Amino acid sequence: MSDVDLKSQDLYINRELSLLEFNHRVLNQARDPDTPLLERLKFLCIATTNLDEFFEIRVAGLKQKLEAGSVETGPDGLPPKETLRAISQRARQLVADQYYCFNRELLPALQKAGIRILKRDQWNNGQQAWLKRFFRDEVQPLLSPMGLDPAHPFPRILNKSLNFVLALEGKDAFGRNRAMAVLQAPRSLPRVIQLPRQQAGNKPHTFVFLSSIIHAFADDLFPGMQVSGCYQFRVTRNSDLFVDEEEVDDLLRALEGELPHRRYGDEVRLEVADDCPDDMAEDLLVQFGLTQDDLYRVDGPVNLNRLMAVYERVDGTGLKYPSFVPGLPRRLAHNSDIFEVLRKQELLLHHPFESFLPVIDFVRQASADPQVVAVKQTLYRTGPESAIVNALVEAAKSGKEVTVVIELRARFDEADNINLANRLQEAGAHVLYGVVGYKTHAKMILVVRREGRRLRRYVHLGTGNYHPRTARLYTDYGLLSADRTLAEDVHKVFMQLTSLGKVSKLKKIIHSPFTLHKGLMERIDREIEHASSGKAAQLIIKVNSLVEPALIRRLYEASAAGVQIDCIVRGMCSLRPGVKGVSDHIRVRSIVGRFLEHTRVFWFLNGGDDEVFCASADLMERNLFRRVEACFPVQEKTAHRRLSRDLKSYLKDNSQAWALQSDGQYRLLTPGRTKPHTAQAALLDDLAERS
């Protein structure tokens, strides 16, 4: 091991390419015939939006580095220019696979199930007549086609909007020859139109894309001229917001001013219909300052996410995952007083298998309870109509001391969070925006209640956001507790966030940007010591991303020492397992299934006295050094055993688990001759047995 350079770029997988591989695994769910049909359609939509965000943020950031002349590389040694070239190659294959899935796999399967998405050449006479009336009555009045000439320059194109470039022949009303026009589809128009029953016949679930309607009747927009070609296109732009926090007096107002610019950020990708002539595609590239490397030709609608409208409008009986009712801990089912329950024993919740309602009730009861004197909470993503925010507003209006730390810079939720901040301030709550330069990503609630002659604290700590909708889609853990030491730690973190003073040492919580990285490294070192002394040594990490290089190097050292390491990493993973002499004892797997795996858990054998922690943080540099994160122990025996059992179930998964190979590729595990096991299905079965 002493001869191995653990900083060698060969030991690290490029994080951007790793993220693209995750999107491939999501797309595989859309291609899996064992997945319910409409859920396959939904996974295709998710893969599309994931790729959009990848270009809006990751590719946009790399382009900025390239334009600035940066040659900075990550641990893998790949500079921005080479990374972009590799991304272009892999992303093209992903796009081709997406449209193959849509055209060759999903459309025929949907047709067989009685769900039709009709192309123009499939319309019968009655449908053609109805759609023409629909175009003239509902669509045409909203359209503003623009013929291009010196008085009509190329219009500004909104990020990810539906647009058409048209080739024209003939003269307009003023006798001018117009060769080209651009048409933008207003966002107020639905992208998918469902035909009425009398036009759909015996197939009531019959749909037509808005783009097909516009294409079919585009001639009506140019009287006296002929449309010789009509082609969809879509531009993806840089959507990251930049605010110099050191130079602004009011972060909220600065973000409000920056948000409108997101729609017109720098161009990073151009998608066009695959039959668009080369010269027109080249004209568009020139217009947007892009190159052939940024051009993606697609065999179908330029935004497959439009298909979510089909998923939402069709009854899912037999075509969607069977519904389930999230469970409720027995102690809460028999006692609605959550504070009384927590005084006896803390509660570990596993969403979505268990309901998010106890978390909402925790804040609601605190709001209504006259003995509660203060409520403090961090908010990262909550949704515009949040029951938790409603409860905080009522608590503030009733005179309680309410302090809320809102992370205004939660990407793509900035506008909602600004509105929540204004609403809470109007109610009388103290609202803060975290710490300059550090996103507040920790998920914490602190309730202070007067009980007799003393004050008692109750807390909630979680791995996910306070958002009821995502609590039905993401797997997350939440801990409700009245533990005095844990609550004191949470209080100190809030004091640090609000007063900006130095925090005294915490006793149970390890937190970023101060002690989390060091605390994890120390626990890995402890396993190395056990292995070196001949004892059993093991650790399990379950996160969304594993890319921080110093921690990866320490895991390599642990593997070389004989520590058995299992990593369950949903998305990006830069660690390269299975390298002889370096990572022989490391296994990495990714679980992709019905729910988005979002829990962050760290388990250490610790010489037989095992420790387990849950956290809001992934193992990325930003989470460990540039965010406020909380990592908390789960020590109550029942909850501790349950977490350990859950981790073992994920490690047994042989149906929805992908094993990372040493070459950076992922291999889908199959049961073979062993009994099939799916961790998420097993957790749902446990819920059914407890219900």
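Glu 394 has a relative accessibility of 46% and so counts as partly exposed, where buried means under 20% relative accessible area, exposed over 50%, and partly exposed in between (1.4 Å probe, protein chains only). This residue sits in helix α13, residues 387–397; helices (H or I, at least four residues) and strands (E, at least two) are DSSP runs numbered from the N terminus. Glu 394 and Leu 551 are 157 residues apart along the chain, and their C-alpha atoms are separated by 44 Å.

The model is predicted: local features need pLDDT of at least 70, side-chain atom pairs count only at pLDDT 80 or more, and totals for chains, interfaces and linings use all residues. Residues are numbered from 1 along each chain as its sequence is written, and side-chain values use heavy atoms, with hydrogens and water left out.

The chain contains 20 helices and 27 strands. Its radius of gyration is 27 Å, close to the 26 Å that the globule rule gives for 691 residues, so the chain is as compact as a globular protein of that length. That radius is taken over C-alpha atoms, and the rule is 2.2 Å times the number of residues to the power 0.38. Of the 691 residues, 57% count as buried. Among contacts with a separation of 6 or more, 74% are between residues 24 or more positions apart, a contact being heavy atoms within 4.5 Å.

Helix α16 covers residues 516–532, and at 1.5 Å a residue its 17 residues should span 24 Å; the end C-alpha atoms are 24 Å apart, which agrees. The expected span is 1.5 Å times one less than the number of residues. Buried residues of α16 include Leu 516, Leu 520, Ile 524 and Ile 528. An α-helix has 3.6 residues a turn, so residues three or four places apart point the same way. Just after α16, Gly 534 takes a positive phi of about 90 degrees.

Some backbone details remain. Most residues other than glycine have a negative phi, and most peptide bonds are trans. Ser 512 and Pro 513 are joined by a cis peptide bond with omega about 5 degrees, and Pro 513 lies in the loop between β18 (510–512) and α16. Another cis bond joins His 351 and Pro 352, with omega about 0 degrees; Pro 352 is in the loop between β10 (347–351) and α12 (357–368).

Lys 160 has a positive phi near 60 degrees. Located in the loop between β2 (146–147) and β3 (163–169), Lys 160 is partly exposed at 30% relative accessible area. Asn 606, not a glycine, has a positive phi of about 55 degrees. Its loop runs between β23 (601–604) and β24 (611–615), and at 15% relative accessibility Asn 606 counts as buried.
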